[in-house]
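Here's a quick tour of a predicted model.

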Amino acid sequence: MAAIGGNWKAITERSQSATTTAQTRSSDATWTVASAQAVADSTRATIEALTPPPPVEQPSGATFSDDFERTQLGSGYSTYKFGQVADLTIVGGQVQLNQQGDKGTGNVVALSKTVLRTDDQSVSAVMGRANQAGTIGIKRGTTLYIRAAPDLATFVYVVIMDDEVRLGRGTRTTGLNYNQWVAAEVPVRTGDTVTLRAVGANYQVLINGVPVVAYNDSAMSSPVGAGNRSFGFDSWYYWSGLFGFFSFAIAALTAGDLASPPVTGVIGSFAGMTDIDGNWKAVADSTRATIEALTPPPPVEQPSGATFSDDFERTQLGSGYSTYKFGQVADLTIVSGQVQLNQQGDTGTGNVVALSNTVLRTDDQSVSAVMGRANQAGTIGIKRGTTLYIRAAPDLATFVYVVIMGNEVRLGRGTRTTGLNYNQWVAAEVPVRTGDTVTLRAVGANYQVLINGVPVVAYNDSAMSSPVGAGNRSFGFDSWYYWSGLIGFFSFAIAALTAGDLASPPVTGIGWALARIGSTNALQTAGSRPVAAGTFDTVRHSSAVTVSALGPGQVQVPVSGWYRMSVGLTYAKALTTEIGADLWWVASPGATWQQLRTGPKTVDTQDSWSVEATFVVFLPAGAVVAPGYSSSVNNNLIGSNTYFDGALINRA
């Protein structure tokens, strides 16, 4: 799936200029950013070569997750102080150096006491407060460590600054020695997830899942093996002589093996295999077992289905969504790149649902949202939350949902009568914060909710109580307002939305063939317009498209690409006036119809019974097309040579 899950503010305008000027810091290194428009082929090839393929089976090694929802780092870490700095502290669920008592440049490293079990491993951190991470010239940054010795004798690292990441290996003597391999000038912001991966001799840094720099340590200059499987992070303070500067705080840390450890048949102790120190507060053992059972293995090949991404960097939601309002609430609005209910005009409890007009192509699908402003999402007792919808009918007749609150997520299925009915399956008490990415996945009868990639609750709908199929592949989100009678409460804003198929649709071709078979008349009034309702009466063939209205010949295409379409109109009586066969369209359902192409016209000095035209045009995914005509007089279309055929000839 090519969706940029979790990428909020995806990569800003600043990144576009930064990435086009970034310099490669080593002949062995390459970098790339998803929004860069001119990454050299050689760079892209190197990144692809260094990107390890997903394993066929889910790794069974160690996993670790910490959301720092406490006041002290605790006994789950070993810390090492270098320089005249204070200790690590946790403020507002984010860990960094205490900003009281720092006297000189230095850092504190925290290595988790959880030890990974293989050499192929990954560590990720969600960036918290930026502090002074972006101060020009202050080349100190929060650092992630991987393949580290427990005493930091050797390690691999990535230094994270506001405008740059640096990848390299290190050693410890009296202090820490950082030997840089490569660097890339890329923007890093609060809420971004930075990942350092190690597979064999290949190292890779990703921001929100997008590779930005990589290196192949063919000499294996940093040792591997059982003594080098610790991981962790640090926090820096830099003293310029006049001013002090602090690096990024960290809002969450996760790590895990990317391969399964060898099966030796002997397990001497369970200690260190899975440590959830500081992990989500209460996932019941039964839920945890269900999650493990329902976690699908990643596909061997990349799915070729639909993908969608929206960073809301505009002022209006726009025509790409269909909205449904329930209750006395205002409309959705976008403020500073985040979508939520307008906070003016809400008079009673309710919500507005926005379903994307992009339709997914398979039943195995995923939708993710990055949480924006929390508003009052965490207010105790207010059981309304921003909701993600998946496997939804376009009119919300049926759907699967996850409700997201500040301290809980609720998974279930729903229906629509006069309002929306939410039938909960399961729930989990877990903290959700601004910047977190919440994902709802559906694979077969299995549903799973993840926060920042960590499964938190799952359900197996063995009865298939929520329908699937071509009519249930819409997705979207909502925003809630709750009125207590005295005070109003708003749910999370959404800063980014992504969705995509988790499986490839069957290769059947994309096309259609509509016809009028009946010999009765279908009146077409004079003018230039789409054909009238009731013109077509037969679907001769339809593959992977939606015939949204047969009578007027309206067809919605599932994917972007070049389409070849032929229109044939046969009239009940000959005309000595010009007749033209045209093509009409809307970019999305509900928009105003417009003429897309004008076909050739018959000669007005001859009797004409019919007219035909063929068009080759580019259509975006979700567009609707229909045949039209141009005629100065009323006339009637008849069968059986009135038709509208089309096929995808080149996918975008």
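## Around Thr-195

The side chains of Thr-195 and Ser-124 are joined by a polar contact of 2.7 Å (a pair of N or O atoms within 3.5 Å, where within protein one must be able to donate a hydrogen and the other to accept it, and residues adjacent in sequence count only if both atoms are side-chain atoms). You'll find Thr-195 in strand 11, residues 193–199. Helices and strands here are DSSP runs (H or I, at least four residues, for helices; E, at least two, for strands), numbered from the N terminus.

Leaving out residues up to four places away in sequence, Thr-195 touches Ser-122, Val-123, Ser-124, Gln-204, Val-205 and Leu-206, with contact meaning heavy atoms within 4.5 Å. Thr-195 counts as buried because its relative accessibility is 12%; buried is under 20% relative accessible area, exposed is over 50%, and partly exposed is in between (1.4 Å probe, protein chains only).

## Two positive phi values

Most residues other than glycine have a negative phi. Phe-68 isn't a glycine, yet its phi is positive, about 60°. Phe-68 sits in the loop between strand 1 (63–66) and strand 2 (77–83), and is buried, at 0% relative accessible area.

Met-220 also has a positive phi without being a glycine, about 50° in its case. Its loop runs between strand 13 (210–216) and strand 14 (230–239), and Met-220 is partly exposed at 36%.

## The second largest pocket

This pocket has a volume of about 590 Å³ and a lining of 27 residues, with Val-359, Leu-360, Ala-470, Thr-546 and Gln-556 nearest its centre. Strand 18 (321–327) and strand 21 (350–356) are the elements that give two or more residues to the lining. A pocket is an open set of points on a 1 Å grid over the protein atoms alone, where a 1.4 Å probe fits, with protein on both sides within 12 Å along at least five of seven lines; lining residues have an atom within 4 Å of a point. Its volume is the space filled by probe spheres set on the points, which are joined across faces, edges and corners.

## The whole protein

The protein has three helices and 45 strands, and 52% of its 652 residues are buried.

## About the numbers

Residues are numbered from 1 along each chain as its sequence is written, and side-chain values use heavy atoms, leaving out hydrogens and water. As this is a predicted model, local features need pLDDT of at least 70 and side-chain atom pairs count only at pLDDT 80 or more, while totals for chains, interfaces and linings use all residues.
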